Number of protein chains: 4
Amino acid sequence: PDTQSERDERHLAIQRVGVKEVRYPLTVRIGEQLSPTVASWSLDVALPAEQKGTHMSRFVAWLDALSASGKPLDATALRDELAVMLDKLHAVEGRIEARFPFFIRKHAPVSGVSSLLDYQGAWIAEHRAGSGTTVWCEVVVPVKSLCPCSKEISDYGAHNQRSHVTIRAELMEPPGDRRRPPPPGGGESTRERPVVDSAVELGFEALVRFAEASASSEIWGLLKRPDEKWITERAYENPKFVEDLVRDVALRLNADARIGRYRVEVENFESIHNHSAFAVIERE
Amino acid sequence: PDTQSERDERHLAIQRVGVKEVRYPLTVRIGEQLSPTVASWSLDVALPAEQKGTHMSRFVAWLDALSASGKPLDATALRDELAVMLDKLHAVEGRIEARFPFFIRKHAPVSGVSSLLDYQGAWIAEHRAGSGTTVWCEVVVPVKSLCPCSKEISDYGAHNQRSHVTIRAELMEPPGDRRRPPPPGGGESTRERPVVDSAVELGFEALVRFAEASASSEIWGLLKRPDEKWITERAYENPKFVEDLVRDVALRLNADARIGRYRVEVENFESIHNHSAFAVIERE
Amino acid sequence: PDTQSERDERHLAIQRVGVKEVRYPLTVRIGEQLSPTVASWSLDVALPAEQKGTHMSRFVAWLDALSASGKPLDATALRDELAVMLDKLHAVEGRIEARFPFFIRKHAPVSGVSSLLDYQGAWIAEHRAGSGTTVWCEVVVPVKSLCPCSKEISDYGAHNQRSHVTIRAELMEPPGDRRRPPPPGGGESTRERPVVDSAVELGFEALVRFAEASASSEIWGLLKRPDEKWITERAYENPKFVEDLVRDVALRLNADARIGRYRVEVENFESIHNHSAFAVIERE
Amino acid sequence: PDTQSERDERHLAIQRVGVKEVRYPLTVRIGEQLSPTVASWSLDVALPAEQKGTHMSRFVAWLDALSASGKPLDATALRDELAVMLDKLHAVEGRIEARFPFFIRKHAPVSGVSSLLDYQGAWIAEHRAGSGTTVWCEVVVPVKSLCPCSKEISDYGAHNQRSHVTIRAELMEPPGDRRRPPPPGGGESTRERPVVDSAVELGFEALVRFAEASASSEIWGLLKRPDEKWITERAYENPKFVEDLVRDVALRLNADARIGRYRVEVENFESIHNHSAFAVIERE
């Protein structure tokens, strides 16, 4: 008996139903590189009011096929795969979210010694009847912040700390890209797609640079003595309130036509308190 | 030098700036009872484009005064205190969020033996220029869910598991309540306030009941043997998909005129998988 | 049928069986003050090889009685209560662990303005046949550390960050304290109890002071501008490697005869890396 | 100035000093397969009393070299790499710990449909002067447990839930393996190495099987309807208390001569309570 396909008499649509906290391997594209990682997936569809339930196992079947294909996840693949998932679930609306750690190889500022720095990334794709498919890229970037007030009032030193810059950016679809089949349910997008000024698709590396370039100093996994001197003095010369940091990131996002809506949050793990200072700018 | 009060030339307003992960003691009202607990606070204000920074220490000063007063937090107190906080920060818009564990004394269904069950609660109050002050009450309720499909297809038994029902409900302001001073900045609410059908303010206990009454079975901290038999059979007689559970909670919320917008999420920590099934209904 | 009391034929004793992640209210004694808080409890007993199971509900019944009594938890109460719990479970060996946040009211170093700082505390009591009852007090203290190397090599500034000092200390039983009944099972302690040099029982406040006095600077919840100057300069004048900090705390613990075995760990949430530096000294 | 190499006058040795929460990519060997994953590393050495500090950056340099080599981590590689790390740090004692998710492809019991299940694994290697090098393998295995008491007292149904079986096992070194160079500092092991009865090195898959075979039922990522019937009935026919589960795993560990010391913990996320039941057996 296919209990899930029975009629439901409560007349209540469910916006999102599916699976979450599913861990599965994933290959992501970071710049030119393909990197293996492990993602935590959240997958859901909208369920019409008259339908009793969805078929949960199909989400995992879809995910296993994606993972087995070895296909790297980028914005284009995500749009295609969302259409496949909705088709498999016989659904008109739905959402994919994958959260994972990734790495960028960085060179220390003076010695040039190289090491990996870890970041937290996420891909989110959502299809809604009224607004078509939107794709979001999210990254959490660890940086250093140094307090301008502490520097100004003190005879020497200034308190500083690790901060997290979290950027969630909507990626605008490149114009003239018509290879893609229309999504199931046919919902035509009603939002204007701005012209994209660059042939290069926006990715994690660009968002990471926006955050690192805005901080008192970026950070590294491996530093030698001259590097440590450099980063200490660089941060002291470049103090930033949490408000400065969030605004400087927002200015950079505003200047990039490939980005639609966004949300930036900066959190300073204050070294003179046991709590955080934070600031958020959101463009809707 | 009051660096934070200088003019900022980036022309970017900040929607939210403040402190988070601040732990402070709190007294909450659960039914007729006042209960001490420990909350994690997130406090922020909006910062106009021309202003360089906010005064972070004033949030903690406000919080310390609130905590020292011993005043229990309920919807009315929260509205009043938000006005005080905004005034102290010279801000027009802002937000208070407090998250904390709380307890309800429950009696086992057969033996009647009593014990405390722990829930996660939150109070959220937000004041925006366009929409006035809104107050939200959130609760995470642990319950038991038993799978209808597993029951139907199996000769005996049915898989079941712990589930979390998370309800976030906007509390409608009682009509005719004019004791409260208008909020700073004078933003008049443009949303309709529906008539409230009850003199009793909606609180955590009501939301907990909505969740527990909708589950395959509610749960307890302390059960004797006859109670364990009762809960086992009760869940078996009362199977629910995650879709059923979220709809049954939504029906109860729809029937209560004291509730405005809401969001219900049910998460089943599946006992046949290593991931969760979940469903969300949101009323905007 | 009392399945749990049946004989087990696998001939395997279980060192610890019980409940964990039980949240229940608790009153703790901090200095002269009684403070309400919420604890996460782990409670277990040893199960002999021939016994099939323990009675889990008795742990919660014991906990509910303790909580309802309102009796504050200190080392003496913990010893007494462990005996009660073992008696209730018909067990010879067992363990109580309660983890909870607590607060100390602190005054800022220049302005004197007061606020609460939150710490993580734990009480652990264990009774083993060979070694009698031991009681441990644990505290996690947030402090500030400033890097000596960064200060020395840089023309200005020095990187600094939040650190956690975690101290777990065995409390020596005061000599001549014979009011307490012998534990069930009669296991006489074989460990020497050193003479205690002070009439005052060691508590959380003393451990917190050991950590704060050893750091580059202690921290506060609420600071005014002159306080921020003070803490900035104080840390700069008082640089400490993670190795220095852990040794300075250990020196203080070594000097206190009320402490038996201990473990100190310091973790620096490095502000120039995305990882921590840490160091551990343990006295067995 | 090499501040870290100065003499320290506090006369306190530090048992462990190093870095933790370092995230770096890793390849692990699961059965015949090499799998990429992301690990959280904790690396430390012992610091003699007269030495002021260690050189933290050398841990990351060692880790980067290991990661760049692409060499898969298994027990043999871990022993070799620990010697390399100690050499690089000029240390006599030290420890490596890497924690990571890994996957095993499993086939559903009736339909045979395949999917990945995620587990949490860890490799730990430690070298101490008195006891030589020990290597530990740890795994957290999610399974299903069904309560025997609930089944026996109820007219129908039985409560069941997800459980975690955590096994930490010391791997005995194969006899006659003399290819490996003696560790730096020359500490000759004083512990007896039992004869190993198998040419196959113990790995994650064997530990996972010990846990899954002991549960009421193992679990899968993807199940079709006949599989769900199978797992429901299998668990009902095979009820286990937390005490049964921990003992049945211990019996299997006792029967394998490749395992030295071990610790097994089972945690049931009870579906009739909001807390866990747990049990621990440890062989020292």
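Strands are DSSP runs of E with at least two residues, and helices are runs of H or I with at least four, both numbered from the N terminus. Two strands pair if DSSP finds at least two bridges between them. This is a predicted model, in which local features need pLDDT of at least 70, side-chain atom pairs count only at pLDDT 80 or more, and totals for chains, interfaces and linings use all residues. Residues are numbered from 1 along each chain as its sequence is written, chains are lettered from A in the order in which they are written, and side-chain values use heavy atoms, without hydrogens and water.

**View 1. Strand pairing between chain A and chain B.** β8(A) and strand β1 (residues 14-30) of chain B pair in the antiparallel sense over 5 bridges. Ala277(A) stands opposite Val19(B) in β1(B).

**View 2. The contact of chain A with chain B.** Contact (heavy atoms within 4.5 Å) takes in 53 residues from chain A and 53 residues from chain B. The two chains bury about 4,100 Å² between them, buried area being the accessible area (1.4 Å probe) lost on being put together, summed over both parts. Arg10(A), Arg247(A) and Phe278(A) supply 19% of the area that chain A buries against chain B.

**View 3. A salt bridge between Lys52(B) and Asp244(A).** The closest N and O atoms are 2.9 Å apart; the rule asks for a side-chain nitrogen of Lys or Arg within 4 Å of a carboxyl oxygen of Asp or Glu. Between chain A and chain B the count is 10 salt bridges.

**View 4. A salt bridge between Lys229(D) and Asp155(B).** Here the closest N and O atoms are 3.4 Å apart. Across the interface of chain B and chain D there are 2 salt bridges.
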